[in-house]
Amino acid sequence: MTVSGFTFNAFSENTYLLHDVTGQCVVVDPGCYDKAEQQALRAFIEAQGLQVVLLVNTHCHIDHVFGNAFILDIYKVPFLIHEADLATLRAVPTYAPSYGFAQYQPAEPTGFLTPGTPLTFGDTELEVRFAPGHAPGHVVFYHAPTQVVVGGDVLFQGSIGRTDLPGGDYNTLINSIRTELLTLPDSVTVYPGHGPATTIGAERVGNPFLR
């Protein structure tokens, strides 16, 4: 599996495309808000000859869902989130204008992710792990063969996700990190929702929040 990343919107959010040798592709957390960002993502997909087959959100804060409606409009694919984050998703239109994003277009999921039930596309199988604390329905996606976890806003290089937003809880987040991420091998690369990639080993040793 290959991970292709893009940094979009005023929150510097990381959007990921997961794709394999079959050409099938999953869009994770499309943060593309304006037309330039949307077209940059679409152009890459077309240039690589990828077939988008699924849209998923690790969680549904505003910066991770800007591009949901765009992806669904262009590619007509299933859209999955964890059910516990449905209220988070539906709240976005109520506050988007106050953040300066009056053109935000909402989108409803077509189904829900179930932790423990694999997410499959092409020749790839992803493990869905439930990791609340930053958001009530936060999940991460782990691919054991390539030692990769797409982690959303749970664990960052030298930091962790914020817990002061509605539905956040510090102790829950720390527990999620310890049980769902630190149980992975040190060699696993973490692709976070913001900032550079890191590894489980580096964060186990050097992250001040995990000491």
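Start with helix α5, where Leu173, Ile174, Ser176, Ile177 and Leu181 are buried. Look down the axis of α5 and those buried residues fall within an arc of 155 degrees, so they line one face of the helix. Keep in mind that this is a predicted model.

What does that face pack against? The buried residues of α5 sit against the strands β9 (139-143), β10 (148-152), β11 (155-156) and β12 (159-160), plus helix α6 (200-206). The helix itself covers residues 170-181, 12 residues in all, and its first and last C-alpha atoms are 16 Å apart, close to the 16 Å expected at 1.5 Å a residue.

Now zoom out a bit. UniProt, in an unreviewed entry, puts a "domain: Metallo-beta-lactamase" feature at residues 12-194. Over that stretch the chain is 26% helix and 29% strand, and the end C-alpha atoms are 6 Å apart.

Next, the largest nonpolar core: it has 30 residues, and Leu17, Leu41 and Ile71 have the most contacts inside it. Elements that each supply at least two residues of this core include the strands β1 (2-8), β3 (24-28), β4 (51-56) and β5 (79-82), along with helices α1 (35-47) and α4 (86-95). Helix α3 gives the most, with 5 residues.

Key. Residues are numbered from 1 along each chain as its sequence is written. This is a predicted model: local features need pLDDT of at least 70, side-chain atom pairs count only at pLDDT 80 or more; totals for chains, interfaces and linings use all residues. Side-chain values use heavy atoms; hydrogens and water are left out. UniProt positions are given in the numbering used here, feature names are shortened, and annotations may be inferred rather than shown by experiment. Helices (H or I, at least four residues) and strands (E, at least two) are DSSP runs, numbered from the N terminus. The expected span of a helix is 1.5 Å times one less than its number of residues. Buried means under 20% relative accessible area, exposed over 50%, partly exposed in between (1.4 Å probe, protein chains only). The arc is that of the directions from the helix axis to the C-beta atoms. Contact means heavy atoms within 4.5 Å. A nonpolar core is a set of buried Ala, Val, Leu, Ile, Met, Phe, Trp, Tyr and Cys residues joined through side-chain atoms within 4.5 Å.
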